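Subject: A structure for you to look at

Hi there,

Here is the structure I promised to pass on to you. Have a look at it first, and then read on for what turned up in it.

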Amino acid sequence: MTREEKSIVIKDLTTKLADSSNVYLADISGLNASLTSDLRRACYKADVKLMVVKNTLLAKAMESTDKEFGELADILKGSTSIMLSETGNAPAKVIKSFRKKNEKPILKGAYVAESVYVGDEYLDALVDIKSKEEVIGDIIGLLQSPAKNVVSALKSSGGKLSGILKTLSQKEE
């Protein structure tokens, strides 16, 4: 690969890293062509972009962004694949699901919502991270709950309430 080609790849990677709020680094070495194809298909269905990259080019791209990747540059050894997603837990879910039948991919590290996670032991914690949409849904559900309770109480005791109001209005006459 010439210097120009490397420069183009670094610029492309830098743009992708800058545009994505969630970056996962995984080791998929040892997967045969069929399993790699299955993993790519699973990533596509989950709206996760999967790319195999050279560690040196990825390290330079990480340095070129304004994001603080911390210790992730230190784990760029061996085979590295990058998983990019707008949903924080989507790549973790893909990895966990895929590992039910295979021992790979192994999570090397992740940059999720400006936090850095290094090591495969964080996979379960990353799966449990809620997406922005899930959090908004939970908040809306919590906000609607009291209103629903009031409405259902009024409906269930509507006859009683109207009876009380009728009795009170008759006493005033």
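Leu50 stands opposite Met83 in strand E3. Please keep in mind that this is a predicted model. The strand that faces E3 here is E2 (residues 49-53), and E2 and E3 pair in the antiparallel sense over five bridges. E3 also has a partner in E1: these two strands pair in the antiparallel sense, again over five bridges. In that pairing, Tyr24 stands opposite Met83.

Is E3 enclosed or open to the outside? Six of its six residues are buried, so E3 is largely enclosed by the rest of the structure.

Now for the nonpolar cores. Which residues have the most contacts inside the largest core? They are Tyr24, Leu39, Cys43, Met83 and Leu126, in a core of 21 residues. At least two residues of this core come from each of strand E1 (22-27), helix H2 (33-45), helix H4 (90-98), strand E4 and helix H5 (123-127). H4 gives the most, with five residues.

Last, the aromatic rings. A pair of aromatic rings is described by the distance of the centres and the angle of the planes. How many aromatic pairs are there? The count comes to two. One of them is formed by Phe69 and Tyr111, with 4.8 Å centre to centre and 55 degrees between the planes, and this pair is tilted. The pair links distant parts of the chain, as its residues are 42 apart: Phe69 lies in the loop between helix H3 (55-64) and strand E3 (80-85), and Tyr111 lies in strand E4 (residues 106-112). Why do the two count as buried? The cut-off is under 20% relative accessible area; Phe69 counts as buried because its relative accessibility is 4%, and Tyr111 because its relative accessibility is 6%.

Enjoy exploring!

Best wishes

Definitions and conventions
Residues are numbered from 1 along each chain as its sequence is written. This is a predicted model: local features need pLDDT of at least 70, side-chain atom pairs count only at pLDDT 80 or more; totals for chains, interfaces and linings use all residues. Side-chain values use heavy atoms; hydrogens and water are left out. Rings of Phe, Tyr and Trp (its six-membered ring) pair if their centres lie within 6.5 Å; planes under 30 degrees apart count as stacked, over 60 as edge-to-face and the rest as tilted. Helices (H or I, at least four residues) and strands (E, at least two) are DSSP runs, numbered from the N terminus. Buried means under 20% relative accessible area, exposed over 50%, partly exposed in between (1.4 Å probe, protein chains only). A nonpolar core is a set of buried Ala, Val, Leu, Ile, Met, Phe, Trp, Tyr and Cys residues joined through side-chain atoms within 4.5 Å. Two strands pair if DSSP finds at least two bridges between them.
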